[in-house]
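Here are my notes on this one, written as numbered points. Have the structure open while you read.

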Amino acid sequence: MTTTTDPQPSRDTLAALDTSLTAGKLPRWVPGVLVLVAVALGAALTVPGGFSWGSLAVVSALAYLVLIVSVSRAKEGARKAKDRLVTSLVTMAFLLAMVPLVSVVQTVVSRGIARFDPTFFTWTMTGVVGEGGGGLHAIWGTILITLFATLISVPVGVLCAVYLIEYGAGSKLAKAITFLVDVMTGIPSIVAGLFIAAVFVLLVGPEMRIGLMGALALSVLMIPVVVRATEEMLKLVPNDLREAAYALGVPKWRTIVKVVLRTSVSGIATGVTLAVARVAGETAPLLLTIGYITGTNFNVLEGRMTTLPTFAYFSYQNPGIPAQAGYDRAWTAAMVLIILVMLLNLVARMISRYFAPKGSR
């Protein structure tokens, strides 16, 4: 009995195959070299007339596009050249979008690091008119007011979204609510502050300034964001899951709680985080509702409070003597606010990962 085996390809055959697969393709190092050439051309064209980072970036980007398309067209053909052109444009758009973000972070960190010390986190501004002092009262004010706003907004927003998707889909009331939510999403923040201030003026009096007013003003801004985010997440839940639960005799409310919300909880947590980040840095509505104090107030239902945005605003408007001390406190308050928002994002990611269905972890 004889057996036949497939002939093994020779080294020459493998080398020829490898060459055919890589033929007509630019080596990986070519784009990097072209970037350096484009920067050199940009510097040669812009430096003689006066150096400018913006001019250098624009000229270098245009030079790179011309170089990469020309080289790719000559080596790889017109189709690949178009692909590299679009890829380069997308990459440049990404880098352009990153410029203001990096610039803001770099400016805030470089100027806020001067007062990023233990004193800032352990002292208030009580009795301080110049150097020294800290933002402890503003940090606690931001945490408490944002927490109360979240406690108000999340139940209202989630339940509203549940009604729109699970109960009132297609009804006139649901369409009206959706329209109003869309309108509320774009209202200026100062309008929310004026609304809450006007309500309390009519009910209590013109001198009322408490933390609860600020929480209510922020909740007006948070609720539409939570509703829209939750609504989109609920739409992504497959109807097969609902029908399977109904087939087993599970009531509708229990299906929503145990199946629908549990499946979309990670997306809802992300939406809530976006809503918190949306309102954490608001200044205008809080200036109208909570006022400003130099000490710590832990009671949201009584007395004025201070948040990091209002603390930064008043520190910059009334810096004291010397003025640089107030400016440093303002920049440090902005830096701490950015850190708090980043921590909230990390917490939201942890929550969404913990509650996400096992199959998607």
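1. Running from the N terminus, the order of elements is α-α-α-α-α-α-α-α-α-α-α-α-α-α. That is 14 helices and zero strands in the protein. Bear in mind throughout that this is a predicted model.

2. On overall shape, the radius of gyration is 29 Å, whereas a compact globule of 361 residues would come out near 21 Å. The C-alpha trace spans about 95 × 75 × 45 Å along the principal axes of the protein.

3. Burial and surface next. Of the 361 residues, 34% are buried. The accessible surface of the protein is about 21,400 Å², and carbon and sulfur atoms account for 69% of that. As for charge, there are 28 positive and 17 negative charges, and their mean positions sit 3 Å apart.

4. From the record: an unreviewed UniProt entry annotates "transmembrane region" at residues 29-47, 53-73, 85-109, 138-165, 177-204, 210-227, 259-280 and 330-351. I looked at two of these spans in the model. Residues 53-73 are 100% helix and 0% strand, with their end C-alpha atoms 30 Å apart. Residues 85-109 are also 100% helix and 0% strand, and here the end C-alpha atoms lie 36 Å apart.

5. UniProt (unreviewed entry) also lists "domain: ABC transmembrane type-1" for residues 139-348. In the model, that span is 78% helix and 0% strand. The end C-alpha atoms of residues 139-348 lie 20 Å apart.

6. Now a few individual residues, starting with Glu166. This residue belongs to helix α6, which covers residues 136-167. Is Glu166 buried or exposed? Glu166 counts as buried because its relative accessible area is 8%, and the cut-off for buried is under 20%. Leaving out residues up to four places away in sequence, Glu166 touches Arg242, Lys252, Ile256 and Val260. Have a look at that set of partners on your screen.

7. Ala192 is part of helix α8, residues 189-203. With a relative accessible area of 1%, Ala192 is buried. Which residues does Ala192 touch, not counting those up to four places away in sequence? They are Ala217, Val220 and Leu221.

8. Ala215 sits in helix α9, which runs over residues 211-235. Ala215 is buried, and its relative accessible area is 0%. Neighbours within four places in sequence aside, Ala215 is in contact with Ile145, Phe148 and Ala149. By contrast, Ala215 and Arg262 are 47 residues apart along the chain, and 28 Å separates their C-alpha atoms.

Key
Residues are numbered from 1 along each chain as its sequence is written. This is a predicted model: local features need pLDDT of at least 70, side-chain atom pairs count only at pLDDT 80 or more; totals for chains, interfaces and linings use all residues. Side-chain values use heavy atoms; hydrogens and water are left out. Helices (H or I, at least four residues) and strands (E, at least two) are DSSP runs, numbered from the N terminus. The radius of gyration is taken over C-alpha atoms; the globule rule is 2.2 Å times the number of residues to the power 0.38. Buried means under 20% relative accessible area, exposed over 50%, partly exposed in between (1.4 Å probe, protein chains only). Accessible areas come from the Shrake-Rupley method with a 1.4 Å probe; for residues, only the protein chains shown count as cover. Lys and Arg count as positive and Asp and Glu as negative; His and the chain ends are not counted. The place of a charge is taken as NZ of Lys, CZ of Arg, CG of Asp or CD of Glu. Contact means heavy atoms within 4.5 Å. UniProt positions are given in the numbering used here, feature names are shortened, and annotations may be inferred rather than shown by experiment.
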